[in-house]
Amino acid sequence: MEHDDERWMREALRVATARGSDPAVTPIGAVIVHDGRIVAEARNECDTLHDATAHAEMVAFRRAGPRVADADNPGGELRGATLYSTLQPCGMCTMASIWAKVGRVVYGAGREDVHRMYFEARHTDTIAFIKDAYRDDVSIAGGVLREECVALYYGPDDPVSTDDQGNL
Ligand SMILES: [Zn+2]
């Protein structure tokens, strides 16, 4: 853990809970930190944007790109940046992290802490994507402010109706 991780995770928690902290409102938050400042923040926007891919991390990447882009970086790559997410990123967001070129991915609640509805694959842990990447300059770390993050989500054994399980 790096010394500012808890500070930035608190910002991700603030973003996550902007519309409440009940698991039913999907309080997932992400912030992207570059050169010691937040260049983008977002919560899950699937319902408001009517976009099933509008996970907090995806929305944050789309906001961050234009803020870091210049003539040498027209693609808005986020080299040297850290993504903070209150929940371990799903497969899509982990892959997006690799393509966005972030240097670190840091999360609060982990896969084993929450209901399986938050992940798409039965056995593939998204950490495996990072370990298998061609890039060797990206790392992932979890458990920052774990208790506070875990409290926002359905637990592994919580009864969640099939209709409410977004991965089915
Ligand atoms: Zn995701």
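Trainee: In which sense do β3 and β4 pair, and over how many bridges?

Mentor: Two strands count as paired if DSSP finds at least two bridges between them. Helices (H or I, at least four residues) and strands (E, at least two) are DSSP runs, numbered from the N terminus. In this pairing, Tyr84 stands opposite Val106 in β4. The sense is parallel, and β3 and β4 are joined over 5 bridges.

Trainee: What kind of model is this, and from which number are residues counted?

Mentor: This is a predicted model, in which local features need pLDDT of at least 70 and side-chain atom pairs count only at pLDDT 80 or more, whereas totals for chains, interfaces and linings use all residues. Along each chain, as its sequence is written, residue numbers start from 1.

Trainee: What pattern of helices and strands does the chain follow, and what is its radius of gyration?

Mentor: The chain has 6 helices and 5 strands, and read along the sequence they follow the pattern α-β-β-α-α-β-α-β-α-β-α. For 168 residues the globule rule gives 15 Å, and the chain comes close to that value, so it is as compact as a globular protein of that length. The radius of gyration is taken over C-alpha atoms, and the globule rule is 2.2 Å times the number of residues to the power 0.38. For this chain, the radius of gyration is 15 Å.

Trainee: Which strands are the edges of the sheet, and by how much are neighbouring strands turned?

Mentor: The order of the 5 strands is β2-β1-β3-β4-β5, in an open sheet with mixed pairing. The edge strands are β2 (37-43) and β5 (139-141), each of which pairs on one side only. Angles here run from 0 to 180 degrees between N-to-C directions, the axes being lines fitted to C-alpha atoms, for helices over the stretch in contact. With direction ignored, neighbouring strands of this sheet are turned against each other on average by 15°.

Trainee: Which residue in the hairpin of β1 and β2 takes a positive phi?

Mentor: β1 and β2 pair in the antiparallel sense over 6 bridges, and Gly29 has Arg43 in β2 as its bridge partner. The hairpin has 2 residues between the strands. The positive phi, near 50°, belongs to Asp35.

Trainee: What is the handedness of the crossover from β4 to β5?

Mentor: β4 (residues 104-109) and β5 pair in the parallel sense over 3 bridges, and in β5 the bridge partner of Arg104 is Ser139. The chain crosses from β4 to β5 through α5. A crossover is right-handed if, with the strands pointing away from the viewer, the path from the first strand over the helix to the second runs clockwise. By that criterion, this β-α-β crossover is right-handed.

Trainee: Is Glu57 buried or exposed?

Mentor: Glu57 lies in helix α3. Leaving out residues up to four places away in sequence, Glu57 touches Ala30, Leu83, Ser85, Pro89, Cys93 and Ala96, contact meaning that the C-beta atoms, placed from the backbone, lie within 7 Å. Because Glu57 has 31 C-beta neighbours inside 10 Å, this residue counts as buried.

Trainee: Is Pro156 buried or exposed?

Mentor: Pro156 is found in the segment after α6 (146-150). Apart from its neighbours within four places in sequence, Pro156 is in contact with Val114 and His115. Since Pro156 has 11 C-beta neighbours inside 10 Å, this residue counts as exposed.

Trainee: How many of the residues of β4 are buried?

Mentor: Of the 168 residues of the chain, 36% count as buried. β4 is largely enclosed by the rest of the structure, because the buried residues in this strand number 5 of the 6.

Notes
Buried ≥ 20, exposed ≤ 12 C-beta atoms within 10 Å, placed from the backbone. Contact = placed C-beta atoms within 7 Å.
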